[in-house]
Amino acid sequence: MPSIDNPLLARPTAVAPPTPTEAVLVERARSDPRAFGALYEIHYERILNYIYRRTLNVALAEELTSNTFFKALRHLPRYRRRTPFQAWLYRIATNEIKMHWRTEKRRRARQETFAGADLDRVYFTSPEADDRERIRQIALLNEALRRLPDRYQTVLVLRYFEGLKHRQIADVLGKKTGTVKSLVSRGLARLRTIIDADATFPHCGHFQDEAGGEKP
């Protein structure tokens with residue numbers, strides 16, 4: 001089983017560097033939708049990657065990303081600067097994902113197909129594994145994640161795919177940092193149980209939870 005410090009997860013997307021003009025762009029975009037284009041360019045790739053990792057479907061990820069930015073623009077007058085703008089976008093994206101799966105579940109039994117992986121964004125405990133084995137391992141891990149309740153999927157993807165810290169996830173979900181830490185810990189425990197019971201999953205060590213605190 002993979003170590004949590006080097007899991008079979010996509011490498012976190014590089015955090016968009018802070019820009020002194022972002023607050024100005026947000027204020028301008030409230031009255032001028034054209035100014036929203038710059039915010040779109042700054043955050044589009046990160047939000048697209050996040051939604052893709054939750055859906056494993058490129059076309060669907062693009063659609064939900066478009067919905068996310070459309071709703072962000074429409075509801076921009078409600079945005080308050082006490083929440084980081086990026087966290088606000090993650091929150092909208094998370095709601096879009098939840099609404100999609102609720103609708104899909106009502107329409108038919110949920111069917112998910114592994115749609116491939118961006119291998120440039122993935123690293124492994126066994127770097128000598130060929131691409132076919134890498135894709136197989138990613139597929140198995142994502143299948144295990146899909147067996148978790150949505151609340152655990154969300155925090156684990158934000159923490160280990162997106163590389164957000166607990167306090168940042170708390171901003172996204174509107175929860176206390178302690179609650180997020182608890183969700184991460186319980187989610188890891190459930191994921192560990194699922195993987196331990198699955199003989200097809202590669203044995204690569206053990207998960208390390210974060211009881212000792214998170215790295216800076």
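This report looks at one helix pair and some salt bridges in a predicted model.

## About the model

Local features need pLDDT of at least 70 and side-chain atom pairs count only at pLDDT 80 or more, while totals for chains, interfaces and linings use all residues. Residues are numbered from 1 along each chain as its sequence is written, and side-chain values use heavy atoms, with hydrogens and water left out.

## Two crossing helices

Let's start with helix α6 (residues 150-161) and helix α7 (residues 166-173), whose axes come within 10 Å and cross at roughly 135°. Helices here are DSSP runs (H or I, at least four residues), numbered from the N terminus. The two are therefore oblique to each other; angles under 35 degrees count as roughly parallel, over 145 as roughly antiparallel, 65 to 115 as roughly perpendicular and the rest as oblique.

Where they touch (heavy atoms within 4.5 Å), T154, V155, L158 and R159 of α6 meet H166, I169, V172 and L173 of α7. By class, this contact has 5 nonpolar, 2 polar and 1 charged residues.

## Salt bridges

A salt bridge is a side-chain nitrogen of Lys or Arg within 4 Å of a carboxyl oxygen of Asp or Glu. The count comes to 5 salt bridges. One of them joins E162 and R53, with the closest N and O atoms 2.5 Å apart. This pair links distant parts of the chain: E162 sits in the loop between α6 and α7, and R53 in helix α2 (residues 36-55), 109 residues apart. Both E162 and R53 are buried (under 20% relative accessible area, with exposed over 50% and partly exposed in between, using a 1.4 Å probe and protein chains only).

R30 also forms a salt bridge, with E27. Both lie in helix α1 (residues 22-31), 3 residues apart, about one turn of the helix. R30 is partly exposed at 29% relative accessibility, and E27 is partly exposed at 38%.

Key: Axes are lines fitted to C-alpha atoms, for helices over the stretch in contact, and angles run from 0 to 180 degrees between N-to-C directions. Ala, Val, Leu, Ile, Met, Phe, Trp, Tyr, Cys and Pro count as nonpolar, Asp, Glu, Lys and Arg as charged, and the others, Gly among them, as polar.
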